[in-house]
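Hi,

Here is the structure I promised to pass on.

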Amino acid sequence: FYSELERVNYGFSNYILNKTDQSVEKLFENNLENLVYLSPDANEYLEELDSNKTYIIGGLVDETVNKKVTLTKCENLKIRTFALPIEKYMKRREGNTSTFSMYTFNKILAINQVFDILANYFVNRNWPKALESGVPKRKGFMIDEKLENDLNSKNIDENNYVLEENK
């Protein structure tokens, strides 16, 4: 598995990773309040990255597994869960019936895609650009140009706060 990750992800061997067979709750039993579990099923969007938090990117091999199992587990353990803000900054592509059917409109992403989006956001602090570069086109989402134009023209940050009016 590790060699396959190295093959498909340029620079993967330089990632700082800890591998363990321990469960999340056992590994972080004294620090659960600083865990953040990323899940497309979460009810809240991730707005900011906090260097004091540990982010868990969950991954399942089969997309047909029961929905919200991890979300329920996190709720029981009091681990905060967030979804990437795909639907906040992106909208569904439009098109005719033949092109529309080629999109999945599925928010489930591969671990490396989530990692790349987070890394891009960490460097640039710009969710629309991070999502645009990381969400595959086949998912059917595109940046909401009206929102992006509003962000650019009014100098609004990702949390919708006006920084200062552009003149």
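Below are a few notes on individual residues.

First, the ground rules: this is a predicted model, where local features need pLDDT of at least 70, side-chain atom pairs count only at pLDDT 80 or more, and totals for chains, interfaces and linings use all residues. Residues are numbered from 1 along each chain as its sequence is written, and side-chain values use heavy atoms, with hydrogens and water left out.

Helices (H or I, at least four residues) and strands (E, at least two) are DSSP runs, numbered from the N terminus. Buried means under 20% relative accessible area, exposed over 50%, and partly exposed in between (1.4 Å probe, protein chains only).

Let's start with the backbone. Most residues other than glycine have a negative phi. Lys 78 is not a glycine, yet its phi is positive, about 65°. You'll find Lys 78 in the loop between helix H3 (69-77) and strand S3 (80-82), and it is exposed because its relative accessible area is 69%. Arg 125 also has a positive phi, near 50°. Arg 125 sits in the loop between helix H6 (111-124) and helix H7 (127-134), and at 33% relative accessibility it counts as partly exposed.

Now for Tyr 89, which belongs to helix H4 (residues 86-89). Its relative accessibility is 0%, so Tyr 89 counts as buried. Its C-alpha atom is 9.5 Å from that of Phe 141, 52 residues apart along the chain.

Asn 52 is exposed at 60% relative accessibility, and 9.2 Å separates its C-alpha atom from that of Leu 35, 17 residues apart along the chain.

Cheers
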